[in-house]
Amino acid sequence: MEKNLDYIKVRNAEKTDCDDIFIWRNDEFTRKMSHTSEIVYLDKHSEWYFNSLNLESRVLLLCENSCNEKIASVTFDISELEALISINLNPTQRRKGLGRFCLIKSIEFFSREFPEIKNLLAEIKKENIASKKIFLAVGFEKYNTKGNIGIYKKILV
């Protein structure tokens, strides 16, 4: 596990990452597992993306491997003393067991920048078995349910 953790680097997303995240967001499986499953058009995505880079209440991170290949984006939406976290894996990086390591490293990165945030929440569709597994593996627990969405919580110490 330690080897895989060292393999993952986390950084703040940059303007040049917009197109990659756009492609990942419109991947068919990603859309199926997202709260909104319709195709997102580039103009709307770009507006959301560039606004996100400037929002104080949103942290958009990118995970890369040691060869600087992009693995995933991880988003934290901050509200008072908690943050809603979500992950979107690059479709070419699925089924490699990297999602868990991206979450671990992203949470560490986020916690260094925002030590006052002690609660993380994740909203995961009932049918998104892979996301449920990786969030549970990094210490989230099922907290509540809203329709077909499970609410998972992790308390940071």
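# Working chat on a predicted model

Modeller: Read along the sequence, the protein chain runs α-β-α-α-α-β-β-β-α-β-α-β-β, where helices (H or I, at least four residues) and strands (E, at least two) are DSSP runs numbered from the N terminus. This is a predicted model, in which local features need pLDDT of at least 70 and side-chain atom pairs count only at pLDDT 80 or more, while totals for chains, interfaces and linings use all residues. Residues are numbered from 1 along each chain as its sequence is written, and side-chain values use heavy atoms, with hydrogens and water left out.

Colleague: How many helices and strands are there in the protein chain?

Modeller: The protein chain has 6 helices and 7 strands. Buried residues (under 20% relative accessible area, with exposed over 50% and partly exposed in between, using a 1.4 Å probe and protein chains only) make up 48% of its 157 residues.

Colleague: What about the largest nonpolar core, which residues have the most contacts inside it?

Modeller: Those are Phe76, Ile85, Leu120, Phe135 and Phe140, in a core of 32 residues. A nonpolar core here is a set of buried Ala, Val, Leu, Ile, Met, Phe, Trp, Tyr and Cys residues joined through side-chain atoms within 4.5 Å. At least two residues of this core come from each of β2 (58–64), β3 (70–79), β4, α5, β5 and α6, and α5 gives the most, with 8 residues. Apart from it lies another core, of 7 residues, including Ile21, Trp24, Leu60 and Leu62.

Colleague: And what does Ile85 touch?

Modeller: Not counting residues up to four places away in sequence, Ile85 touches Val74, Thr75, Phe76, Leu103, Ile107, Leu121, Ala122, Phe135 and Phe140, where contact means heavy atoms within 4.5 Å.

Colleague: Switching to α6, which of its residues are buried?

Modeller: In α6, residues 129–137, the buried ones are Ser131, Lys132, Ile134 and Phe135, and their cover includes β4 (82–89), α5 (98–113), β5 (119–125) and β7 (149–155). After α6 comes Gly139, which has a positive phi near 100 degrees.

Colleague: At what angle do α5 and α6 pack?

Modeller: They pack at about 45 degrees, with their axes 9 Å apart; axes are lines fitted to C-alpha atoms, for helices over the stretch in contact, and angles run from 0 to 180 degrees between N-to-C directions. That makes α5 oblique to α6, since angles under 35 degrees count as roughly parallel, over 145 as roughly antiparallel, 65 to 115 as roughly perpendicular and the rest as oblique. The contact is made by Gly99, Arg100 and Leu103 of α5 with Ile134, Phe135 and Ala137 of α6.

Colleague: Where are Glu80 and Arg95 found?

Modeller: Glu80 is in the loop between β3 and β4 and counts as exposed at 73% relative accessibility, while Arg95 is in the loop between β4 and α5 and counts as exposed at 87%.

Colleague: Last one, Asn144: which strand does it lie in?

Modeller: Asn144 lies in β6, residues 141–146, and is partly exposed, with a relative accessible area of 42%. Leaving aside neighbours within four places in sequence, Asn144 is in contact with Ile149, Gly150 and Ile151.
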